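Subject: Structure handover

Hi,

Here is the structure for your files. My notes come after it.

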Amino acid sequence: MEIITIDNLQKSFDGLGVLKGISFTLNEGEVLSIIGPSGSGKSTLLRCLTQLEPVNGGTINVCGQTMVSSTKEGVVSYADKQTLRSVRLNLGLVFQNFNLFPHMSVLRNITEPQMHVLKRSKQEAEKVGRELLKKMGLEEKEKAYPDQLSGGQQQRVSIARALALNPTVLCFDEPTSALDPELTGEILRVIKDLAKEKMTMIVVTHEMAFARDISDRIIFMDDGLIVEEGTPEALFGNPQNPRTQKFLNRYE
């Protein structure tokens with residue numbers, strides 16, 4: 001079952017094309033990794049999908065709802081506010097720099113969004129928060145503040161916060177880029193565990209071995225385009241495009 005369909009997505013900044021006609025689908029329970037050099041448009045793609053950036057053209061459908069569409073003449077139309085909110089709730093986003101509220105405890109960072117967005121009671125939100133902290137191995141940190149945690153612990157809190165809102169799809173924007181190698185492993189283990197639970201995910205990453213290990217399908221982007229896509233075995237074992245071959249050669 002298709003959860004996300006993106007067709008001919010275009011995005012420009014000051015007239016410079018960053019996404020130049022991106023099209024792909026994401027199926028339920030699938031883990032899709034997006035790789036490519038810096039500046040290829042990977043993070044911009046996630047920001048457009050999660051409504052953090054407006055698009056300049058194309059169509060995005062999420063869970064059967066059209067978030068945005070455009071005419072042949074290039075007129076872009078977003079859905080009504082209610083539909084956009086529904087789409088937003090289906091998509092969780094984990095940022096590379098954690099984006100936790102520094103003045104709130106770990107538990108409150110997870111409960112406040114639930115109470116505000118899902119209108120859960122404080123008691124219910126705290127129950128969900130504590131269950132997720134236990135899942136992340138952070139049950140003893142609920143009263144701590146973000147600056148008292150390691151980078152890996154902060155990222156695990158941000159993953160718990162995203163999961164607390166029950167998204168259909170969880171998106172990761174280079175979740176390990178702000179971490180040193182020792183802390184990277186703990187985040188990759190969390191994402192692997194989510195994959196085992198058949199969580200539908202889009203993962204933008206520079207961790208090639210991880211992408212190869214975790215993904216059902218991989219997209220290689222360069223210069224705002226999808227250059228090649230396929231299974232990890234096909235993309236890493238026998239890449240067809242010379243640009244993909246050159247990029248992956250650096251990781252051998």
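Below is what came out of the analysis.

This is a predicted model, so local features need pLDDT of at least 70 and side-chain atom pairs count only at pLDDT 80 or more, while totals for chains, interfaces and linings use all residues. Residues are numbered from 1 along each chain as its sequence is written, and side-chain values use heavy atoms, with hydrogens and water left out.

Overall fold

The protein chain has nine helices and 11 strands. These are DSSP runs, numbered from the N terminus: helices are H or I with at least four residues, strands are E with at least two. The radius of gyration is 18 Å, close to the 18 Å that the globule rule gives for 252 residues, so the chain is as compact as a globular protein of that length. That radius is taken over C-alpha atoms, and the rule is 2.2 Å times the number of residues to the power 0.38. Along the principal axes, the C-alpha atoms fill a box of roughly 50 × 45 × 35 Å.

Of the 252 residues, 52% count as buried. Buried means under 20% relative accessible area, exposed over 50%, partly exposed in between (1.4 Å probe, protein chains only). The accessible surface comes to about 12300 Å², and 47% of it belongs to carbon and sulfur atoms. Areas come from the Shrake-Rupley method with a 1.4 Å probe; for residues, only the protein chains shown count as cover. Of the contacts (heavy atoms within 4.5 Å) with a separation of 6 or more, 63% are between residues 24 or more positions apart.

Nonpolar cores

A nonpolar core is a set of buried Ala, Val, Leu, Ile, Met, Phe, Trp, Tyr and Cys residues joined through side-chain atoms within 4.5 Å. The largest has 35 residues. I159, L163, L170, F172, L194 and M201 have the most contacts inside it. Elements giving two or more residues to this core include α5 (151-163), β8 (169-173) and β9 (200-204). Helix α6 gives the most, with seven residues. Another core lies apart from it, with 29 residues, among them I4, L45, V62 and M221.

Rings and charges

Which rings pair up? Rings of Phe, Tyr and Trp (its six-membered ring) pair if their centres lie within 6.5 Å; planes under 30 degrees apart count as stacked, over 60 as edge-to-face and the rest as tilted. The count comes to one aromatic pair. The centres of F220 and F247 are 5.0 Å apart and their planes are at 40°, so the pair is tilted. F220 is in strand β10 (residues 217-222) and F247 in helix α9 (residues 242-249), 27 residues apart. F220 and F247 are buried.

The charged end of K11 sits over the ring of F13, 4.7 Å from its centre. A charge sits over a ring if NZ of Lys or CZ of Arg is within 6 Å of the ring centre and within 35 degrees of the ring normal.

Loops

S40 lies in the loop between β3 (31-35) and α1. S40 is buried, with a relative accessible area of 1%. Its contacts beyond four places in sequence include V18, M221 and D223.

E174, in the loop between β8 and α6, has a positive phi near 45° and is not a glycine.

Best wishes
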